[in-house]
Amino acid sequence: MTEQWQPSACILCECNCGIQIQLGADGRSFDKIRGDKLHPTSAGYTCNKALRLDHYQNGRTGRLTAPLRRRPDGTFEEIDWDTAIGEISARLTEIGDRYGRETLFYYGGGGQGNHLGGAYAPATLATYGVRYRSSALAQEKTGAFWVSARMLGTPVRAEVEHAEVAVFIGKNPYQSHGFPRARTILKQMGRDPRRSIVVIDPVRTETAELADFHLQLRPGTDVYLLAAMAAILVRDNLIAADWLAAHTDGLAEVLDVLRAVPIEKYCATADVDLELVTAATHRIARAASVSVLEDLGVQMNRHSTLVSYVGSMLWLLTGHFAEPGSQYAFSGLVPLGHDRGHPADTGPRSPVAGARIVSGLVPCNVISEEILTDHPARYRAMLIETANPAHSLADSHRMRAALAALDLVVVIDVAMTETARLADYVLPAPTQFEKYEATFFNLEFPRNIFHLRHPVVPAPAGVLPEPEIHARLVEAAGLLGEDDYAPLRAALEQGRQAFAFAFLGVVADPAKAKLAPVLLYRTLGPTLPGDAAAAAVLWAAAHNCVRKYPAGVEKAGYGTGFEAGEALFEAILSGAHGIVITDDEHDASWERVRGGTIHLALPELLAQLANLPEPETDTTAWPFVLAAGERRAFTANTIMRDDGWRTRDASGALHISRADADELGVSAGDTVRLTTQRGSAQVRVEPTDRMRPGHLSLPNGLGLTDSDGGPAAGVAPNELTSYDHRDEWVGTPWHKFVPARLEVCDPERDGAATVVAS
Ligand SMILES: Nc1nc2c(c(=O)[nH]1)N[C@H]1C(S)=C(S)[C@@H](COP(=O)(O)OP(=O)(O)OC[C@H]3O[C@@H](n4cnc5c(=O)[nH]c(N)nc54)[C@H](O)[C@@H]3O)O[C@H]1N2
Ligand SMILES: Nc1nc2c(c(=O)[nH]1)N[C@H]1C(S)=C(S)[C@@H](COP(=O)(O)OP(=O)(O)OC[C@H]3O[C@@H](n4cnc5c(=O)[nH]c(N)nc54)[C@H](O)[C@@H]3O)O[C@H]1N2
Ligand code: SF4
Ligand SMILES: [Mo]
């Protein structure tokens, strides 16, 4: 038994709270977990989920420990790594040569806790000429990225912790977090009479219960409500006219559209009391600082991109950018959420469906269209890393058909997932506690952080960390080898300055620049203390960070120039509890705004706003709106595969209003049949007065197969969703607005809780 507490982080949401782990006598089990007080942002905080992480590391997860190859009969056989890498490399090359490189597709690159492998993937992509890629961001955040890119030239976040007024639009941070120590901060705000919380959500969430204003709108009507709020700011002369004149252009076009908004009618459409809307809007306008955070409730709902645009008017028209407690543009070790911000009629498109590519990502909802076609440029091979698209993307029926239609599917994962079961090759990685790992989701301000986590337990034989997998895939194609490494290793013996000089010489060749992560991994990597080769790519990232954010890095105490890059890298390597990388002045946000001016008018979106149709009100065929994929106390995407993790709501009940439950004659624990245009499932109901009548909610991440391939608890939400139910601009799915109906089930007659395609 070791008394030692080892620092690491929780991997179940993007916050990655610092934790400390005490191992059991076997040296493997996570006996005790506590919040890490030395972590720079979480400072000892965790939510309920982190404390049971042993279920990820040691639970019934279907853990992979050897590379697998599919046999013709669909079963898998274990193969050795050389065979696996050699065959995958040959197949990728062959498919690329035969059908064109645009037929190779990459998906994933990071979950909620692991992005270090994804930092090496670009070398593999360059090696095989992969041009198209996507990830989960392209089914949630690309609408917001596109809008910010066009208005500001940079993505933005909200500094909730110091805001006088925090506005949450389709976001329930009490459960989903999204900023550090969310529950503590929400409770503090809720208690403080000088501060206010505004929640826009059809559900009376835990966050809404702490709010001063809960605008409990009709599902899917956010665009009307937000347009009314923006219009109230204009009508009541609450806009920050001087600030807008100094920092923005396009105001006149925006005002033209907002002056025509029928405020009362739109509040009625959203079914929220006009006086409450007016009072909340005036509260926002009066505040010295306002933070607005939107998330899946609107980003996966009707008019999603337009809602991101109109929602931003709450902070733009009131002038809350680049000041404490408001919106900011963040620093970071790698760019995240940046896009060129092309207008609607220009910019890159996907090869088959012609869908708009934002932030380099093909919309997730068009991937199946890019495959299930006889178009010559259809994708033929897919490399999937750290993602579970057969479960997490819309329309699982169709995603399975798409994966089956490919000539080659390669999956890199820790577990035999729904997606891995459909692969030709499965490559096993160490868990996030068996290797160096990090995310790039740290977007804090003014002090931004980074946390390189050190391994806590040894990896089993047979697995390889993602950076090693990428290095081998690059080397198998003959693109890099000892001839490339030797001069860099020699330079390294003269010191890092000499190494930097030699490295810059090599990467001056654009073909080699793209292979930089593997060059670093094979040369600098082996010299790093504690077998931290996987951290090698962070050396370049640290120097880039100094170049891009010199003032923030200097204020954080690393000095300037080359020395600062080295100091920052050393701090990253040794800072096992996480470190501050930049300490910005609030003005730094302005330096990140393209041209220093915010462009308020986006013509296509203003035109859409000016011509909003009345929402559909015929509910005869589909009387309910289903939100497919709610975050709850025990959901964590599909990272946690062991159902034993959950101490409550084990099968993920369907939430329904009490009025609807009474009308159907069902009560808690009864089973109903839930049907959508795409599928049907049996599910246990939980009536609650948190829900509006007509609204239903299913949790995300349930309905996984268990480690033997059998069904596990709950309903997989995407058996019920459709790929073509999506945003017209960037293709994000409308999972929070799935038309549905319910029937009372007779379990004897209807059998076990199965899901069937309709
Ligand atoms: N516990 C837990 N936390 C997580 C995750 C997890 O799996 N579990 N996943 C992480 C990930 S990947 C993400 S992206 C975030 C997502 O975090 P959130 O977006 O906060 O999570 P959701 O619960 O999906 O949706 C938020 C809210 O949208 C509301 N909503 C539904 N329909 C509408 C509508 O029509 N209008 C409005 N305004 N609101 C609506 C729901 O009632 C819900 O309260 O959470 C992260 N954190
Ligand atoms: N209907 C509906 N669908 C949704 C949502 C919804 O609200 N409703 N939410 C969506 C959102 S916001 C998101 S972000 C996506 C998330 O969906 P995905 O992007 O598919 O990601 P995860 O479910 O987080 O799965 C991560 C994968 O990484 C694996 N893994 C864990 N650790 C490691 C590791 O160290 N190395 C490797 N290589 N693999 C590892 C896990 O086993 C798992 O297969 O789901 C989306 N799907
Ligand atoms: S799930 Fe909870 S403990 Fe884990 S990172 Fe998110 S907020 Fe922190
Ligand atoms: Mo997400």
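Predicted model: local features only at pLDDT ≥ 70, side-chain atom pairs only at ≥ 80, totals over all residues.
I looked up the second largest pocket and got a volume of about 690 Å³. Its lining counts 32 residues, and the closest to the pocket centre are E616, T619, W622, V625 and F737. Which elements give two or more residues to that lining? They are strand 21 (624–630) and strand 26 (738–744). Then I checked the domains: domain 2 (157–328) and domain 3 (624–757) each supply at least three residues to the lining of this pocket. By class, I noted 13 nonpolar, 11 polar and 8 charged residues in the lining.

Next I traced an open sheet of 7 strands, and wrote down the order as 5-4-17-16-15-6-7, with mixed pairing. Which strands sit at the edges? Strand 5 (76–78) and strand 7 (132–134) do, each pairing on one side only. From one strand to the next, the twist averages 15 degrees.

A reminder for myself: strands of a sheet pair through backbone hydrogen bonds, in either the parallel or the antiparallel sense.

I picked strand 6 (residues 104–108) and strand 15 (residues 381–385), which pair in the parallel sense over 5 bridges. What is the bridge partner of Y106 in strand 15? I found L383 there. Last, I followed helix 3 (residues 121–128), which lies across strand 6, strand 7 and strand 15. Helix 3 runs at about 170 degrees to strand 6.

Technical notes
Residues numbered from 1 in each chain as written. Chains lettered and ligands numbered in written order. Heavy atoms only, no water. Pairing = 2+ DSSP bridges. Helix = DSSP H or I, 4+ residues; strand = E, 2+ residues; numbered from the N terminus. Axes fitted to C-alpha atoms, helices over the stretch in contact; angles between N-to-C directions. Contact = heavy atoms within 4.5 Å. 1 Å grid on protein atoms, 1.4 Å probe; cavity = no way out; pocket = protein on both sides within 12 Å on 5 of 7 lines; lining within 4 Å. Points joined across faces, edges and corners; volume = space filled by probe spheres on them. Nonpolar A, V, L, I, M, F, W, Y, C, P; charged D, E, K, R; others polar. Domains from an automatic or database assignment.
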